[in-house]
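Colleague: I am new to this one. Please take me through the terms as they come up.

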Amino acid sequence: MFDKLTLSLIPLLPLLSFLMLGLFGRKVFKNFSGIIGTGALLVSAGLSLSTAYNYFFVSGKVDGVYQKITALKISWLEFSPGVSIDIGILLDPISVMMLVVVTFVSLMVHIYSLGYMKGEERFSTYYAFLGLFTFSMLGLVMSSNIFQIYIFWELVGVSSFLLIGYYFDKPSAVAAAKKAFIVTRFADLGFLIGILVLSFNAHTLDFETLIQRLTDPNSEYMRSAIAPAFLGFSSLTWGLMLVFIGGAGKSAMFPLHIWLPDAMEGPTPVSALIHAATMVVAGVFLVGRLFPVFAISCPGALELVAYTGALSALFAAIIACTQTDIKRVLAYSTMSQIGYMMFALGVSGYGNEDGLGYMASMFHLFTHAMFKALLFLGAGAVIHFVHSNEMNDMGGLRKHMPITHITFLIACLAIAGVPPLAGFFSKEEILLAAFHHNKLIYGIALITSGITAFYMFRLYFNIFWSKEFHSHGEHHGEGGIVMMLPLILLSLGAAFAGFIPFSQLVTSDGKPFETVLHLSFSVAPVLLGLAGIFIALRLYKTQNDIANKISSSLSGFYSSAYHKFYIDEVYLFITHKVIFNLLGKPAAWFDKTIVDGFINRLGSSSEKISEETKTLQSGQVQQYAAYFLAGAIGLGIIFIYVLTLK
Amino acid sequence: MNLSLLILIPLVAAIIVLLSRNAQQVKWISLLASVAQLGLSLFLLSAFMGERANGNVSQMLFEQRYSWFAPLNIEYYIGVDGISISMILLTAFVVLAGVLVSWNVEKMTKEFYFLLLLLSLGAYGFFISLDLFTLFFFLEIAVIPKYLLIGIWGSGNKEYSANKLALMLMGGSALVLVGLFAIYFMSGIHSFDMVKLSQVHIAIEVQKIFFPMLFVGFGVFTAIFPFHTWVPDGHSSAPTAGSMFLAGISMKLGGYGCMRVATYLMPEAAKEYAPIIVILAAIAILYGAFATMMQKDLKYINAYSSVSHCGFVLLGIGMLTKTSIEGAVMQMVSHGLMTALFFAVIGMIYERTHTRKVEELGGLLKIMPFVCSVLFIVGLCSLGLPGFSGFVAEMTVFMGSWQNPEMFYRVATIAACMSIVVTAVYILRAVGKTAMGPITNQHFLELKDAAWNERLAAIILVLGIVAIGIAPFWLSDLVSPGAELIMSRIPTVIIN
């Protein structure tokens with residue numbers, strides 16, 4: 001079975017690396033920091049792989065069904081009887097799959113960074129933060145308790161903040177880091193309230209119990225949960241929608257995506273790890289984790305997931321066609337692909353073949369982690385070489401960087417859905433699921449897959465073909481073995497991951513099922529993908545101005561896409577004009593003038609009263625005598641009045 | 001375990017300080033006394049847990065009782081439960097850190113440390129008193145030194161701030177005194193004994209009149225809206241240790257009083273007035289947070305954010321569930337440690353750069369990595385990052401609040417939850433500008449990182465924050481019976 005210690009070591013080793021490097025890295029370990037971090041992760045990745053093997057092929061399956069195994073449970077904070085945060089480890093197909101994805105990509109990034117970040121002043125801090133992130137992400141995917149996932153959710157957020165702001169003397173990096181944190185925090189507010197709602201209804205925070213109580217139509221918990229609560233929705237619907245808002249924020253779904261492109265200010269390997277392969281899919285993972293509740297008890301909330309995902313997929317793909325910063329193209333592409341995973345969940349049902357969308361979503365999550373991490377690391381190598389993020393400064397690099405070129409091409413083909421690379425299989429399953437469930441979403445997905453192929457090859461041709469590269473001065477080569485090895489390993493993943501029989505391993509109810517891909521069904525998407533590639537080839541393989549002509553003929557649409565449809569400006573307006581000017585400033589003014597003014601007035605008026613009354617103390621005996629007399633008469637009158645009343 | 005030691009040690013140390021000749025002696029004696037106090041508090045904690053583990057379930061432990069003024073039945077009556085122990089621990093941590101960061105005070109060192117010790121004496125006495133009059137006596141002991149600390153060692157508009165603070169707190173105390181006398185005379189037993197009083201029923205009409213007085217009176221100390229304006233001015237003028245004591249300990253006297261005296265002894269009125277308390281708390285939380293967003297001075301930022309954070313204490317009390325009251329206590333401890341640390345760091349930055357204006361600061365992380373790392377930690381704690389105490393406390397309050405199924409309380413809880421976003425905005429603005437970005441002033445390049453005493457102070461407080469953040473169960477187990485006791489007196493239905 002599963003050894004608690006081994007399982008705990010998987011997240012604890014990166015934590016240890018964080019603590020060691022964070023406390024002593026700069027003084028003690030210095031340049032060895034990278035080796036220490038990488039070593040810790042190597043062990044962690046090895047343990048994850050063995051756990052995955054053990055789970056999927058040895059002891060995870062009982063009677064043909066993959067079990068949910070709570071391997072560890074520590075009571076951490078009890079709120080009221082039955083409702084407590086337990087820190088635990090939950091093993092089920094998706095958490096085990098995520099363990100492999102997170103540790104593998106993280107290991108690749110650790111190795112790659114040995115070369116990429118060499119010579120950085122804060123080298124050990126960088127590795128410390130990578131360790132912190134990996135720990136938090138592993139804690140997140142292993143969570144057995146909804147509050148535990150929230151805890152690690154926040155921790156990955158802060159690791160992301162620290163890594164985006166790694167070049168902290170650059171104001172743009174600081175601004176991007178803050179933006180990422182605050183936008184996701186805003187979404188987390190939804191998540192938090194969602195947790196409050198769900199836990200109140202289910203009287204538990206434990207995932208397994210919660211799912212069981214909220215999917216059983218006969219349970220007493222369900223009765224209160226599905227009764228209309230507010231604005232016509234039941235509290236269950238509210239809870240799930242709010243939780244989904246949290247997931248949408250982390251996964252950069254429209255309209256909470258604005259932080260992701262800016263997050264590219266961080267070092268490129270960080271973008272590969274956090275903002276492509278792992279953290280940004282946390283939202284998908286979260287919906288996947290609560291999937292039975294969504295699918296069985298509340299299909300309405302699942303519709304929201306589906307449309308948000310589809311809209312984001314298309315929206316981001318259009319913007320990606322217009323961007324010139326290669327990392328930003330990849331960022332929008334990430335958003336678009338996560339949109340695929342989201343709507344795949346949204347169109348899925350629960351159990352067996354109905355759960356095709358669920359399986360496809362997780363499949364795509366897996367393959368996407370491979371090819372997108374590869375694309376980012378390849379882009380990093382390119383940026384390392386030309387010292388610029390701008391497409392216009394590149395071109396003709398295929399001769400200078402052969403390994404990067406080949407691996408990048410594999411990744412582009414994979415994401416474009418060209419068979420038999422990984423992306424083809426997972427995307428095909430998603431399209432199939434959408435086709436059976438919702439034709440509108442299927443249509444959007446189909447169009448998007450064509451656009452995807454176009455913008456990816458626009459990127460590819462602009463970097464590696466187009467004009468000749470004129471080197472200005474010294475250029476070191478592609479980077480040593482430490483930078484090339486991860487590219488090669490990941491490209492193997494991008495090429496062959498599609499052959500993993502996912503429907504045998506990761507399904508919505510744990511029961512394996514068979515999937516059949518119909519050749520006739522694949523024709524349309526593959527042709528569309530090839531068309532996209534062909535158009536990109538015509539426009540960008542050699543330098544010409546057809547592309548410019550097209551974009552100027554689409555001027556209005558093009559420029560609004562180039563400006564990301566002005567979503568950022570809308571946010572800027574809301575935050576600055578509305579929140580600062582309409583809430584912050586009045587609050588500060590009210591406090592200074594009204595509340596404090598009142599207190600000060602109280603002080604000054606009491607001073608005035610004493611100023612007035614002190615003239616009574618004149619020192620003149622006649623005056624005192626007069627007061628005395630007046631007082632005595634006054635008292636006398638009162639006495640008489642009172643006595644006569646009786 | 002002799003509880004009186006907790007007040008004897010600061011008392012003796014204060015007398016020795018007065019008699020000693022030079023500043024060096026004064027500092028070491030104060031340090032020794034505060035280390036001893038911390039040791040004693042930790043010992044008290046373990047002794048208490050030992051007693052409880054042995055099955056001692058009496059309400060208060062380690063009681064002592066001496067008649068003080070027999071004609072009025074005033075007694076020196078002390079004892080502790082989990083809630084008071086958590087407050088004592090908090091005090092011990094903050095006092096030790098405060099003594100350490102004041103190491104370089106040169107102006108009238110002897111008097112300065114004397115007042116610090118006196119203040120801590122008042123706080124310890126307050127938290128262990130079970131006799132209401134003794135409790136009030138110690139409350140007053142804790143007020144006077146603040147006036148002098150700000151008036152003499154302060155900066156800026158210090159006379160105004162000192163006056164304002166002293167007058168407002170005195171006003172609060174006056175209300176408290178009236179409330180205490182009402183309890184004494186109207187309970188029918190002519191006693192100040194809290195344990196005895198908790199067994200009698202005070203007429204509802206009496207409660208309705210005097211509960212607001214007691215609650216607001218104590219509430220002034222914990223910055224209840226709209227009596228919070230002493231906080232920003234008081235903190236910004238106070239010397240570093242003064243701010244630490246003020247926000248870390250003194251604001252907790254109020255929260256403790258609201259909970260232990262007002263709510264515990266007048267439960268029906270607490271239930272009756274709960275909606276008003278909740279509204280005031282929600283206002284303090286959100287309005288404080290929005291006001292913080294507009295501040296430009298680091299001390300003002302922390303002061304207004306204290307208003308917001310202390311709102312959680314009041315919210316927890318007003319929500320009247322066991323979990324929310326537990327959360328309120330945890331928030332008191334958490335906020336005490338966190339805000340003391342925040343002021344300590346601000347003091348370190350100010351001492352070096354001679355400015356607290358956020359826009360004049362920048363890029364300090366490169367120059368003083370230690371100070372700025374601590375600034376990050378305290379900022380992250382303030383915005384409720386898991387792993388630090390703030391998260392645990394706030395979440396306990398939220399979970400407790402949500403147990404009130406009425407729509408009114410739900411809305412208030414959601415409003416309070418919103419502060420997690422606003423807090424993130426102002427903390428990241430302040431911390432981001434101060435520590436990150438380009439270096440704004442070339443003179444900063446010559447500045448030194450934290451000295452030994454500052455490092456020690458920061459590490460002590462960080463340890464406290466992390467100990468709660470990583471292992472919250474010990475604190476929640478500690479305060480939970482106390483919270484249950486308070487809740488046991490709250491009627492489920494209001495009897496009119």
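Modeller: The contact between the chains takes 36 residues from chain B and 35 residues from chain A. This is a predicted model, where local features need pLDDT of at least 70, side-chain atom pairs count only at pLDDT 80 or more, and totals for chains, interfaces and linings use all residues. Residues are numbered from 1 along each chain as its sequence is written, with chains lettered from A and ligands numbered from 1 in the order in which they are written.

Colleague: What makes two residues count as in contact?

Modeller: Their C-beta atoms, placed from the backbone, lie within 7 Å. On the side of chain B that touches chain A, α17(B) gives the most, with nine residues. That side divides into 27 nonpolar, eight polar and one charged. Ala, Val, Leu, Ile, Met, Phe, Trp, Tyr, Cys and Pro count as nonpolar, Asp, Glu, Lys and Arg as charged, and the others, Gly among them, as polar.

Colleague: Why are α6(A) and α17(B) called roughly antiparallel?

Modeller: They pack at an angle of about 170 degrees, with their axes 10 Å apart. Axes are lines fitted to C-alpha atoms, for helices over the stretch in contact, and angles run from 0 to 180 degrees between N-to-C directions. Angles over 145 count as roughly antiparallel. So α6(A) and α17(B) are roughly antiparallel to each other. The residues of their contact divide into 15 nonpolar, one polar and two charged.

Colleague: Why is α13(B) called roughly antiparallel to α18(B)?

Modeller: Their axes come within 10 Å and cross at roughly 155 degrees. That makes α13(B) roughly antiparallel to α18(B). Residues in the contact include B:L337 and B:L341 of α13(B) and B:L461 and B:I465 of α18(B).

Colleague: What is the expected span of α6(B)?

Modeller: The rule is 1.5 Å times one less than the number of residues. Helix α6(B) has 29 residues, and 42 Å is expected. From first C-alpha to last, α6(B) reaches 41 Å, close to that value. Just after α6(B), B:G188 takes a positive phi of about 90 degrees.

Colleague: How do you know that β3(A) and β4(A) pair?

Modeller: Pairing needs at least two bridges found by DSSP. Strands β3(A) and β4(A) pair over nine bridges, in the antiparallel sense. A:S75 stands opposite A:D86 in β4(A). Their hairpin has two residues between the strands, and A:G82 takes a positive phi near 90 degrees there.

Colleague: What counts as a strand or a helix here?

Modeller: Both are DSSP runs, numbered from the N terminus: helices (H or I) have at least four residues and strands (E) at least two.

How values were computed: Angles under 35 degrees count as roughly parallel, over 145 as roughly antiparallel, 65 to 115 as roughly perpendicular and the rest as oblique.
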